Amino acid sequence: MFKTRLLSGILLVILALITVISGGTLLFGVLFLISMIGLYELYRVLKVENTLAGICGFLFSAGYYALLYVNSMLPTTINWMMMLFMAFMICLMMVFVFSFPKYKGDQIFGVFFGVFYVVVMMSYIYQTRMLPQGVFSVGLVFLCAWGCDTCAYCVGMLIGKHKMAPKLSPKKSIEGGIGGIVGAGLLAMLYALAVNHWANVEVSIVAFGIIGVVGGAISQIGDLAASAIKRNYEIKDYGKLIPGHGGILDRFDSIIFTAPIIFYLTVLM
């Protein structure tokens, strides 16, 4: 089990590096595919994956990505994203009303939530990559999420005594959480030094360190949030797509939260 998890993890990192460094249409297409698979996993938990409400979610998710791709070419007099989500909400309510009582309220809310939680937040990986020097900034998304997770695990195993969320994730400790945040900050600073040295660009080591700390903290919330949903619906994993890791949402749960934070911190700092 450990060997399978390690090998699939290494392969996942290699694929992530190739895709992120390439950027452009390749990254856009891969993220679209990952987002749709993750949305399907969530909808399957809600039991709406093959229903009209679920189909609405998939269609508007595709519409969101299409709009994201061409948004810079559209007139700025209209907020196209807001219009899209208003149309999505209206369509969902139409499905809810005209098929009543087929759906429960939490299923309809879950369909709308899923598009924002999985599709929109995941798309910030692409949006970060498209920023000036985004090829370096987007690395922080994965560094903060997976780096924090690794550091938290190591520190927790060594000195973890106080449970962070005993009912939700009994193995996570406060010491491990702090170690993960500090570790993410240090890794981000080392990453900045490497970028400055090898890529011959000047990025702020302090700014990268701050982004690493904040991103690491947020990534743990993303991890626990995904676990909370699984506990509510009494499932172990969202899927079996990635051997040893589970589904897309099991592996990208922290990245979903980290990506938007890295994007906005990069823009601000």
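I began with Leu140, which is buried because its relative accessible area is 0% (buried means under 20% relative accessible area, exposed over 50%, and partly exposed in between, with a 1.4 Å probe and protein chains only). The model is a predicted one, in which local features need pLDDT of at least 70, side-chain atom pairs count only at pLDDT 80 or more, and totals for chains, interfaces and linings use all residues. Residues are numbered from 1 along each chain as its sequence is written, and side-chain values use heavy atoms, with hydrogens and water left out.

**Entry 1: Leu140.** I located Leu140 in helix 8 (helices are DSSP runs of H or I with at least four residues, strands are runs of E with at least two, and both are numbered from the N terminus). I then listed what Leu140 touches: Ala188, Tyr191, Phe208, Ile211 and Ile262, leaving out residues up to four places away in sequence (contact means heavy atoms within 4.5 Å). I also looked up the pair Leu140 and Gly209, which are 69 residues apart along the chain and have C-alpha atoms separated by 10.0 Å.

**Entry 2: helix 8 with helix 10.** Before turning to the pairs of helices, I noted how such packing is reported: two packed helices are described by the angle between their axes and the distance between the axes. Helix 8 covers residues 139-159 and helix 10 covers residues 205-232; they pack at about 60°, with axes 8 Å apart (axes are lines fitted to C-alpha atoms, for helices over the stretch in contact, and angles run from 0 to 180 degrees between N-to-C directions). Helix 8 and helix 10 are therefore oblique to each other (angles under 35 degrees count as roughly parallel, over 145 as roughly antiparallel, 65 to 115 as roughly perpendicular, and the rest as oblique). I recorded the crossing of helix 8 past helix 10 as right-handed (a crossing is right-handed if the near helix is turned clockwise from the far one by less than a right angle, and left-handed if anticlockwise).

I next asked which residues of helix 8 meet helix 10. They are Leu140, Cys144, Ala145, Cys148 and Asp149, and on the helix 10 side they meet Phe208, Ile211, Gly212, Gly215, Gly216, Ser219, Gln220 and Asp223.

**Entry 3: helix 8 with helix 11.** Helix 11 spans residues 248-268, and its axis comes within 8 Å of that of helix 8, the two crossing at roughly 135°. Helix 8 and helix 11 are therefore oblique to each other, and helix 8 passes helix 11 in a right-handed crossing. From helix 8, I listed Leu140, Val141, Phe142, Cys144, Ala145, Trp146 and Asp149; from helix 11, they meet Arg251, Ser254, Ile255, Thr258, Ala259 and Ile262. By class, the contact of helix 8 with helix 11 has nine nonpolar, two polar and two charged residues.

**Entry 4: the nonpolar core.** I asked how many residues the largest nonpolar core has. It has 71, and Tyr64 and Ile125 have the most contacts inside it (a nonpolar core is a set of buried Ala, Val, Leu, Ile, Met, Phe, Trp, Tyr and Cys residues joined through side-chain atoms within 4.5 Å). Helix 2, residues 24-46, gives the most to this core, with 10 residues. For Tyr64 I noted contacts with Met81, Leu84, Phe85, Val119, Val120, Ser123 and Gln127, not counting residues up to four places away in sequence.

**Entry 5: backbone details.** I found a cis peptide bond between Phe100 and Pro101, with omega about 5°. Pro101 is in the loop between helix 4 (80-98) and helix 5 (105-122).

I also checked phi in two residues other than glycine. Lys47 has a positive phi near 65°; Lys47 sits in the loop between helix 2 and helix 3 (52-70) and counts as exposed, at 64% relative accessibility. Glu234 has a positive phi of about 55°; Glu234 lies in the loop between helix 10 and helix 11 and counts as exposed, at 75% relative accessibility.

**Entry 6: Ile21.** I placed Ile21 in helix 1, residues 2-22. Is Ile21 buried or exposed? I recorded Ile21 as exposed because its relative accessible area is 54%. Ile21 is in contact with Arg129 and Val135, leaving aside neighbours within four places in sequence.

Conventions:
Ala, Val, Leu, Ile, Met, Phe, Trp, Tyr, Cys and Pro count as nonpolar, Asp, Glu, Lys and Arg as charged, and the others, Gly among them, as polar.
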